[in-house]
Structures are given as structure tokens and as C-alpha cells.
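Morning, everyone. Please take a look at the model on the screen, and then I'll walk you through it.

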Amino acid sequence: MTHVAAIATYLPCWGSARGRVAGGDEDAVTLAVEAGRAAIDAATGGGSAGGGEAGPGGVQRVVLVSRELPLLEGGNAAVLLAGLGLDPEIEVSERLGGAPAALDALTSARPRTLVIAADVQPCAGAAAALVAGSGLQVVPAARLARSLPVRTRSAAGEVHDYGDPRLLRERGALASLASLASLAGDGADKPLAFAGVDARQAAAVCAGQPPALPTTGASSALFALAALAESRSSGPLFAAEQATVSGVRVVDGAALVRRVEPAARPVPASTFTPGKEIPVSLAAYERAFSAKVRFEAGRQASTGELDFPPRYRVGQDGTLHTDYTLVPLPRTGTVYTGVTVRVPVPGLPTPYSLVIVELDDVGVRVLAGVTGASPGTVQIGDRGRMVLRRVAVRSGVPDYGYAFCPEQPEEATL
Amino acid sequence: MREVAIVGAGMTPFAEHFSLGIKDLLPMAFAECAASVDKGLDVADIQAAWFGELSTTDGFPAGILADTCGLLEVPVTHVENACATGNDAVRNAVMGIASGFYDVVLVMGADKVRESASKDTFWEWAGMTRDMAWDYPLGLVAPANFALHVARYLHESPATREHMAMVAVKNHHHAVSNPKAQLRFDITVDQVLNAPVVVEPFGLYDCTPQSDGAAALLLAAADVADRYTNRPVRIRGVGLGLDRVMHQHKRDMTTFPATVRAAKAAFGMAGLTPADVDVAEVHDCFTGVEMISYEDLGFCSRFEAYKLVEAGATSVGGSLPVNPSGGLKAKGHPPGATGVAQCVELFEQLRGSAANQVDGARIGLAHNVGGPTAVSAVTLLEGPAAVG
């Protein structure tokens, strides 16, 4: 039996009631970090997981389930752990999978495992569940792997759609579900929620009105679990991907639920100008990584002064000071100045806004892009928080860092 | 320390010189400089050269200058100090003479911005000036560097976008009569305000064009200057100032401390004050930068640049004309050449032969700020005494 202490969900602010769209600076890893940090915060009652100490929320393992892992070679573990503020010694499993895989990851997880599922397409969202020694009890109920590859994607990203939605509807998840029900006999409960399928299919097989789910991929299973935890319902929860289905039974207990689901807003108009690839220095990337992706400053041992980015210093007597320690920076601040680039810049979607943010109480400023607000809407004096985003893709390398997300995005163009 | 004078000055027009390479522009500027020397120049008199260039297009800069200008027998030093390159090349050459090492030296500046596709320029130039891991990937293109300052400046000072537009109108007007200028047409405040936005708060007409060009100065020790001219322009002061490179480390972005430092050094060396300046060539890569620079150079009090603009004080005919050449804004801005060309303009202004002459100008100031926005160079010149 698995106990879930906390569940958190994250939706990008862009899109509509029909589905959310990941921002141009979001990918499965940044989505996962948003959900994962919220789950840790919910479990610890904190506002920020912080870094440094090993395993905020007692997390000892992380499982990321997605079909859209950015780095299929090399992996995403280091960025994921850094973004979550977790120790780089923690084990990370990256699982390629959809909604059934997310349920399987949950039921096979040992306590102190953070299970995160993230989706970018067709609808973006992420959800995370912190498995613990007590909490909402979930047991595995059924599993059936069947093949109906109506949509395929090769390792190179090439997509083929078979183009027969009725075949999928009739011989896909519903057929698998019927097959499982016939195995279980007449006493089988109808599911309370059915993740990985569209709302109409879910409503057709569920008892009562199933929870509306914002995605159909891996995260949909954990969005469904969050809904059941909120309504204190016990019963079966199924999840499908094409014709493969997994089921769990939510038994008893309670989980803390935190939702980071801002209201949906239309995606701002944007232009992409092709150009040369933006060059990257991986030597510079590697040197900056910890400070940049963990959002940490260097504190000089001799003076206690903070440097961001961390740096060597030379004293008035010519002595070289290299002995700084990395310390987490506050993640809230105020815009000191800001601009909006409207001229087309090859390789970047324009327009985009850049701000210099004065972080709270530490005398440190940060130059950052703006996320979660239309370009040109952030003003000097605005408050907000720093969040992990993919700030650029340079010569094929996703470049992660922190962006400024205003507290109250104003949509009027200023 | 020996006094140093400018005895010759010349430049190519600033333009999109698609048909001319750096190897063409350098000898063109050099020859015009040589031709300007009142009593003539024997090239063999030149004992050393300093060459300011930011980005090389056809090989290593010092060698290109020596080769194209026939200066194979003398040492040539490449100077690169971001947009302060030109006036820093002047400063280095001044030291060469002031120290007693040389009597006659050449200073050149050149750049060929339009040698690469205009769409690639942003990243090429950002790569030279920004931290590779931290700032570069954010798309901190050249106008954005300065816009971060000007946005804060507009927030704190009474200046408005209209004042910035008035600077653009002024500098365009000054350029109309300058045959060397790139943008020789008048514009209106409305045109500036309604132009497409490049990076807020800069519209298209708030920004310098992309330019190619070269400029040259012949410097001589004051005690030998009369071999070349009876009307030398003395170099009274030179100064270079620096500042923190990353914008997040600049505590007050309504000012350029690099300029304050450079101006302090130059005025200190010259024994002059800002009130002594009769004409100035000020770094106006973006209109708001000219306004901030009025304050940093001491032409007015903090946040009062708008008053000079409103009063027309910095137009030709005003009390302190700024950028009679058209400035970077309208004359053009091939970065390595810019500072040298400012001194070419002032050489003519102080000798009474400028295309857009400021009456009775005796003290001139040239100013660059760049490396967005971490370096500045200031040069103070004094014209020959009025001769009967």
C-alpha cells in the first residue's frame, strides 16, 4: 500500500478552458519543478523548499514520468534536483510513459519518493505526489497492456497519426476497461475518475460526474488523484494511454493538496525569426550551473557579502579570496527597471521583456526575463517571484535559469 | 609631460559601405588626414600608430593598418575598449608622445558593422559584451542594455520620451549639413514618437544606425607641431573610466559612473571645468543616453538634462552645442571609428572649418560610453588662439 502525504498541481497560465499551453520558456522539466516544489511546500507547510539541506520534505527519491523529456541523452536529473532544491545525491528515475505509468510509479514508490508527472502536449500541466509513511492510501487494482498505436512518435520525434478516433474510442481504453471489468466479475465498482481519456469518455464509464482533468498525459492520473483527495472519495481510479490501462483503488486517509493553477489567459502574440543557432559555451554553462539553476549566491567567507553570480574577489591588499559558500537567494523581489524588446531577434520569440529585480532584503539584483505575463506589461515597482524556466535553447542545449513571474500580471498593454 | 596636439584629421563618410572593405576604408581615412596637414606630411615622419577597432573583418587589426597604410616600419597597437575604443586610442597615443617616446604618431579608428547580415548583428555584438552563461542567453541585445538605464532614468527624472525625441530631431538636423553623415535628413518629434518600437522606450529614431567607416588623426608633440601647422589643436585632457559590467551590479542605473570617472580624469588633467566647454561630441547611441551624459559630464545638474533640451541649449546656436556633426544618431556609429571621428569633428570645429560650425568654439569635449555601459572615454581639446 502506498501512502500519499501531499499532492500538488501546476498549470501554465496560458491557454483557455479547453487546455493550457506551455509558455515558450517551459518544458517538462520546468513544469515538473513547479509541481514538485509545490508538493514539497504543501508537505512541509513552507512557502519555499529552499536549497542546501539534503531533502526538503524528507524526499529521498524522485520519479519523473513524461513522454516529453527534454534531454533523452544525458538526462534531466541534475536540472530537476537543482530546481527542486534537492541534494544532487538523490536518485532520480526518468520514466517514459503516460497516465498508466504515472499510477504505476505511485503504487511502486517507497516512502519519501516524490512522483512527478509532466505533460507539454497536447495540453500542458504537471502534478506531483509525495509518498510517505502515512496519508492517503492507494493500492494497485488492475493493469492491462494492449497495443493500439493510433499515434506514433519515433525517437527522432517524427509523429504519425493513424486518424481513426472511433477505433481508438471503441477498441482502446474502453475495451481494456471492459476487459478488466469482466475479469473482476459483476461486483466491480465503476471508476470515480478515468485519466488519460477525454471528458466524454470518462463520463461514459465513471460512477457519477468524474473530475475534469486539464491534461490527457501522464499528469492526468495525478490530477485525478488530487481531485479524489480533495473530495475525500474512495474508490477506483483508472488511467489510460491508447489501449493500455492501469487502475488503483483509493482506500482511506487524507493528503494535503496544493494547486498552482492560475486563471487561463490567451497566449500573447509572438513572432519567431529564424537565424543562426545561438552559440553556447558548455564550459561556462557547467561553471554557472549550481548558482544559476539552484538560484544561489556566493557568500564571501571574510566579509559575508553576497555575490550573484558567485565570484572570486581581490582585497585591497591584493589577496585573492576564493572561499565563498553558495547560499540560497530569496525568491521574491521588486522590479528596479525593465524593458521590452520588440525588434525581431533571430532565434528568440519576440516581443519579450527583461527586468532587473531587486531581491527582498539581501541587496542583490538579478537580470531576468519575464514569464507568466504578456510582454510589456511589467512595470518598475511590480512585485513577483523568481521561477525556474528554460531561458533559451542554445545550439540544442536547453539553458535553464530563473525568470521573473509578476504577482499580479496586468494584461493591459502599458 | 609633453603637451600633445592634433595637426591633421580626416575620415571617410559614415555609411553602409557595402562596396568598400576595411582595407579600403583605412587608407581612405589616412589619406584624407594626411591631406589635412597644413604644411604637408611625409609618411615616414610617423613613428607609431594606435588603431581602435572592435570587430575585425579581414584579419588582425594592427597588421591590417600597417599593411594598408604603408606603415610597415613602425609599431602599431590595436586598442579595443568597447564603444570607448576611439577616444581610448587617442588617449594611448597621447601617452606615447607625452612620455617623450615619440614626436609624431597616428591614431586611427574603424569598424565595418555592415559586413555581416543585419539579422546576425545582435548576437555577434552581444557575444562581445555579455557574460556568456548569465546575460547572453536572455537576449540582452545592444539597445536593451541602454534601455534598462533609460527606462529607470525616465522613471526617476522629469524627462519624457518627448525630450528624447527632441534630441533625435536636433542631431538629425545637425547632420543635414555634414557631408560625412549617414542620415542627412530632418525628422519631427511626431515621427520619432510614432516610429516602430525597437526596445521600449526606444523607437527606431531613438537609435543609431549601423555604420561602416574609418577616421584618422595625426598627433604631434606641441614642440614640433609647427612643422605641420601653425594652428594645432591641443589635447588638454584625456580620461578613461570603468564600471561594473553586469547591469545587476550597477546600483544607480540613472547615471553612467564610467562617464563620471572619465570626465573627472580628463577635466582634472586639463584644469578645466564643464563650464569651459564650448562644443561637445557626446555618445548618443540612443537618445536617452545623450541626456544622461549631459548630467554625467557636468553640463547640468542631476535630472535636469531635459531643461537643456527644452531650451535648445545643445543645438547649434545654443549655449552648449552638442553633436554638431549629427552625433552617433545621425552621423553614424562604426564603433572603433566613432571616438576618433568625434575628434575629427572637433579638430574642424576648433579651427573654424566645420561643416556645421559653432561660432567661436575654443574648448571641445569628445565622449564615448560603451561596453554596455561599463567603460567611458573623454577627450578635451583646445583650439588655436585666434590669430590676426
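I'll cover the interface, then a helix pair, then a sheet.

This is a predicted model: local features need pLDDT of at least 70, side-chain atom pairs count only at pLDDT 80 or more, and totals for chains, interfaces and linings use all residues. Residues are numbered from 1 along each chain as its sequence is written, and chains are lettered from A and ligands numbered from 1 in the order in which they are written.

Interface. 35 residues of chain A are in contact with 26 residues of chain B (contact means C-beta atoms, placed from the backbone, within 7 Å). Strand 21 of chain A gives the most to chain A's side, six residues (strands are DSSP E runs of at least two residues, helices H or I runs of at least four, numbered from the N terminus).

Helix pair. In chain A, helix 1 (28-44) and helix 2 (77-84) pack at about 35°, axes 9 Å apart (axes are lines fitted to C-alpha atoms, for helices over the stretch in contact; angles run from 0 to 180 degrees between N-to-C directions). Residues of helix 1 that meet helix 2 include V29(A) and I40(A).

Sheet. In chain B, nine strands form an open, mixed sheet, ordered 3-2-4-7-1-8-11-10-9 (strands pair if DSSP finds at least two bridges between them). Strands 3 and 9 of chain B are at the edges, each with a single partner strand, so one side of each has no neighbour in the sheet. Strand 1 and strand 7 of chain B pair antiparallel over seven bridges. There, V4(B) stands opposite A221(B).

Technical notes
Contact = placed C-beta atoms within 7 Å.
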